[in-house]
Amino acid sequence: MRVTHSMLSDTAVASLMRSLERLQHVQEQITTGRNYQLPSENPTAATQIVRFTSKVAEIEQYRLAISNGIAWNEMTSTVLTEIEDLLAEALDVSERFSNSAATSAERELAAATIESLLEELVMTANRSFKEKYILGGTRTLTAPFTAQYDGDGELITGVSPNPQGLTGVWSYRVSEVETMRMNTRGNEVLQPIGQGFEGDVFKVLVRLREAFEDGDFDAMATEEGELREAISRVVAINARVGSRVNRLEAMDADLETQVLTYEGQRSELEDTDLAEAIVEFNTADTVYQAALASTARILQLSLADFL
Amino acid sequence: MGSIFSALNIGRLGLLAQQYSMHVLGNNIANVNTEGYTRRRVVLSPTGSVQLGSGLVFGTGVKTEDIQRVRDTFLDVYLRNEMGTLGMLDKSSAAYKYIELIFNELGDQGRSLSTMMSEFWNAWETLSTEPENTAVRESVISSGLSLASTFRYMRERLDGLRLDLNTAVGTTVEEINTLAAQLQELNVQIIAAEDEPHTANDLRDRRDLLVDRLSELAAVTTRDFGDGELAVFINGSLLVSGTTIRTLETTAGTSGMYAVQWADTGDTVTPSGGELKGLMDSRDVNVPAYISRVDALATQIIKEVNRLHSGGNGLELYEVATSGIAVTDADAPLDSGAGLPFEDEITSGGFYLGAYTTAGNLLLQQWISITPGTSTLNTVAAEINADFLATGFLQAYVVSNRLMIQVGSGAPSDTRFSFVGSNGTRDTSGFLLATELNTFFTGEDSETINVSSLLQNNADFLATASSTAPGDNAIALAIGNLRNQTFEIGADTEARSFDDYHEVTIATLGAESARESGLCANQENVVEAFKQQRLAYSGVNLDEELTNLISVEHAYTAAARYISTIDEMLETLVSIT
């Protein structure tokens with residue numbers, strides 16, 4: 001084949017460009033830390049990278065909801081435990097003094113203790129977390145329970161729930177397919193209706209106090225029974241809340257594994273393997289230098305030098 | 001044998017021929033780097049012979065027959081074909097690269113659509129854990145604004161790309177016209193200059209160069225009439241012949257894009273290849289395909305978010321609400337003729353309009369029913385007014401073709417209203433969505449999408465609940481979960497999630513762009529190979545010219561020596577006499 005000088009220089013320029021392009025590509029991989037700059041460099045990897053990235057963001061969001069949920073339920077559990085303790089203390093006081101051996105002074109003291117426990121119960125039931133009332137249902141900004149006092153404004157005669165209701169339920173989304181109820185309703189804990197139970201725990205304490213004031217032993221016994229039932233109810237609800245926390249923690253661990261998996265796959269596709277890239281860079285560099293050297297040599301040659 | 005003077009003449013012719021050869025050689029060397037230069041070759045032939053009385057035949061010397069261009073015209077045809085394809089692929093692959101850059105999915109992920117969507121849904125999920133929190137509400141609004149502006153920005157840049165391509169179509173057409181004019185002029189010059197069998201080499205080199213460029217632009221075909229006239233065709237239609245020239249022109253076509261047509265007949269020009277085809281295909285097919293995918297995604301997100309949002313309550317209920325879109329005719333049925341972009345969403349159904357106290361206690365709720373084909377903006381307003389006439393809680397007006405609902409002038413001052421039933425029933429008719437009442441987004445596609453200005457001013461109106469309870473997160477939860485729902489988006493017949501739909505877009509874009517740039521790279525190799533072949537045949541090799549230089553020099557020296565020998569012979573003869 002006939003070779004002309006334009007061919008030589010064209011070929012030389014083209015091959016230098018190719019070497020330089022390869023060098024530039026590897027250099028870009030190293031400086032950006034990413035294997036691909038445009039989807040067309042590897043369409044399959046590109047879509048997977050996008051999917052894994054948004055998947056990780058989504059799961060991290062569920063984990064955020066879960067950690068909020070755990071905090072909320074742990075707080076709920078604390079409140080329920082406090083309620084348990086208050087009720088247990090009231091039962092304890094009642095059992096100690098609900099017999100004929102107790103003096104009337106002791107009974108009066110018992111009545112006063114029960115009254116202060118009742119006041120504490122109202123306060124505990126109105127506890128809030130992150131400015132939301134824990135037992136308020138979906139009416140999170142209104143105190144769930146309001147105490148009514150007698151004519152002197154000293155003794156609690158009853159406690160009424162928020163007239164707009166405490167029944168609202170709210171859930172968090174904890175995975176792609178699952179939402180989980182987060183709140184515990186105040187009426188379930190303290191004022192259940194229509195469950196074969198007289199219900200209102202506040203009312204039980206009010207009546208117990210009245211029984212001690214009146215020295216009515218029969219009534220004391222009845223209300224002690226009611227109190228025991230109330231305690232076992234709160235304990236059962238608290239156990240549910242506790243198991244909810246356990247489930248959330250298990251789910252979080254599960255999601256964490258998923259994040260690691262997705263993150264690993266994404267990184268494998270997207271992140272530049274530096275060792276590999278640097279070897280590649282050195283190779284490309286060597287090729288480029290060789291191309292430069294040979295080009296310089298060939299382009300210099302001419303018959304004119306020998307004539 | 002002829003006279004001694006004819007011998008002297010042979011010497012003269014030899015000198016002359018070598019001189020010509022030297023001239024051509026010098027010209028070749030001088031043009032070694034000239035683009036489009038074809039090396040020349042001197043064709044020598046012996047001059048006629050004479051037969052003398054003795055019957056012997058003698059040669060009479062040498063003459064320069066022709067100075068030829070060394071060129072393979074078949075190679076030109078092949079090369080130009082391939083150059084047309086390369087021009088097309090070059091332009092379309094460049095356009096794909098731009099689209100990829102606009103989508104920016106693998107680059108700095110800060111502004112990519114997939115990141116923005118992900119952040120938007122995440123913001124709603126976060127809000128669902130704290131619907132009472134104003135700061136979280138503001139972050140939903142701002143992520144909504146970011147998503148909307150990303151959509152608008154992408155759309156703006158894709159539209160800009162189309163405009164750039166269109167401008168390039170215009171300049172390409174101008175360049176074709178300029179080249180055609182030059183070609184025609186050269187045709188005329190060549191026909192005039194050439195005197196058979198000698199060819200006007202320099203003019204022809206220039207013409208070949210022009211045709212090369214033309215075939216890059218519009219994949220032209222040529223026909224050589226042999227008398228120096230070269231005709232050029234675009235997809236079979238004559239562009240230039242010996243003396244005639246036709247011009248292309250651009251006229252305003254659909255949506256401000258140029259249509260290319262023949263100036264004389266008005267017929268549309270459809271190039272079969274070349275940069276012009278690459279530009280036009282990108283402008284009319286490739287880029288619009290991605291615009292419509294981005295559009296379809298934006299439209300679906302607007303619809304689905306608004307559908308849920310319009311059936312929810314914020315922390316604050318409305319004292320006055322005005323629909324975001326004005327109808328064109330308040331007496332036209334809402335589902336046809338009222339000019340609502342989402343009129344297809346209106347179905348038979350209705351919604352609860354409820355008057356509440358500021359504390360969220362229901363005063364009165366009424367079912368407003370919507371019947372396609374019958375319900376107009378005016379009938380809806382009339383129905384609301386009739387329903388609330390007795391109590392005076394609410395009043396409705398149609399003001400500049402928008403529905404305005406407000407608390408009645410005689411109602412208690414703490415009266416507010418909501419579009420959600422007291423048991424959480426949402427609008428079943430699509431009326432709120434279509435008229436933009438209590439919606440999150442405004443607009444209908446990627447060009448117009450924005451967050452409702454009411455929400456931008458007051459995040460308490462952001463709907464999170466399906467009741468008036470502040471801790472109710474049902475709507476926020478449902479909107480956050482839209483990312484896991486599937487829809488038949490745009491022209492798709494398969495239901496996909498928003499993320500999946502966008503992934504398909506990116507996968508298609510990546511694959512198409514990779515295919516196009518792969519083809520382009522291959523085509524470059526093909527063209528390169530043909531160019532090399534042409535250079536191998538027609539290019540100047542300095543070593544070869546230098547070698548020829550030596551042999552011509554020797555021949556010249558020899559011819560000169562011959563003349564001086566003859567001269568000596570003459571002298572000898574003269575000195576005898």
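Predicted model: local features only at pLDDT ≥ 70, side-chain atom pairs only at ≥ 80, totals over all residues.
Colleague: Is chain A spread out or a compact globule?
Modeller: Chain A is more spread out than a compact globule, because its radius of gyration is 38 Å, well over the 19 Å that the globule rule gives for 307 residues; the radius is taken over C-alpha atoms, and the rule is 2.2 Å times the number of residues to the power 0.38. Along the principal axes, the C-alpha atoms of chain A fill a box of roughly 140 × 35 × 30 Å.

Colleague: Switching topic, how do H2(A) and H3(A) pack?
Modeller: H2(A) and helix H3 (residues 104–125) of chain A pack at an angle of about 170 degrees with their axes 10 Å apart, the axes being lines fitted to C-alpha atoms over the stretch in contact, with angles from 0 to 180 degrees between N-to-C directions. The two helices are therefore roughly antiparallel, a label for angles over 145 degrees.

Colleague: And which residues make that contact?
Modeller: Among them are A:Ile83, A:Leu86 and A:Phe97 of H2(A), and A:Ile114, A:Leu117 and A:Leu121 of H3(A), with contact meaning C-beta atoms, placed from the backbone, within 7 Å.

Colleague: What does chain A bring to the contact with chain B?
Modeller: Chain A brings 46 residues and chain B brings 50. On the side of chain A that touches chain B, H2(A) gives the most, with 13 residues.

Colleague: Over in chain B, which residues of H7 are buried?
Modeller: In helix H7 (residues 377–387) of chain B, the residues B:Leu377, B:Val380, B:Ala381 and B:Ile384 are buried, which requires 20 or more other C-beta atoms, placed from the backbone, within 10 Å of a residue's own. Seen down the axis of H7(B), these buried residues fall within an arc of 100 degrees, so they line one face of the helix.

Colleague: What do they pack against?
Modeller: The buried residues of H7(B) pack against strands S11 (349–357), S12 (362–370), S13 (394–399) and S14 (402–407) of chain B.

Technical notes
Residues numbered from 1 in each chain as written. Chains lettered and ligands numbered in written order. Buried ≥ 20, exposed ≤ 12 C-beta atoms within 10 Å, placed from the backbone. Helix = DSSP H or I, 4+ residues; strand = E, 2+ residues; numbered from the N terminus. Arc of directions from axis to C-beta. Contact = placed C-beta atoms within 7 Å. Parallel < 35°, antiparallel > 145°, perpendicular 65-115°, else oblique.
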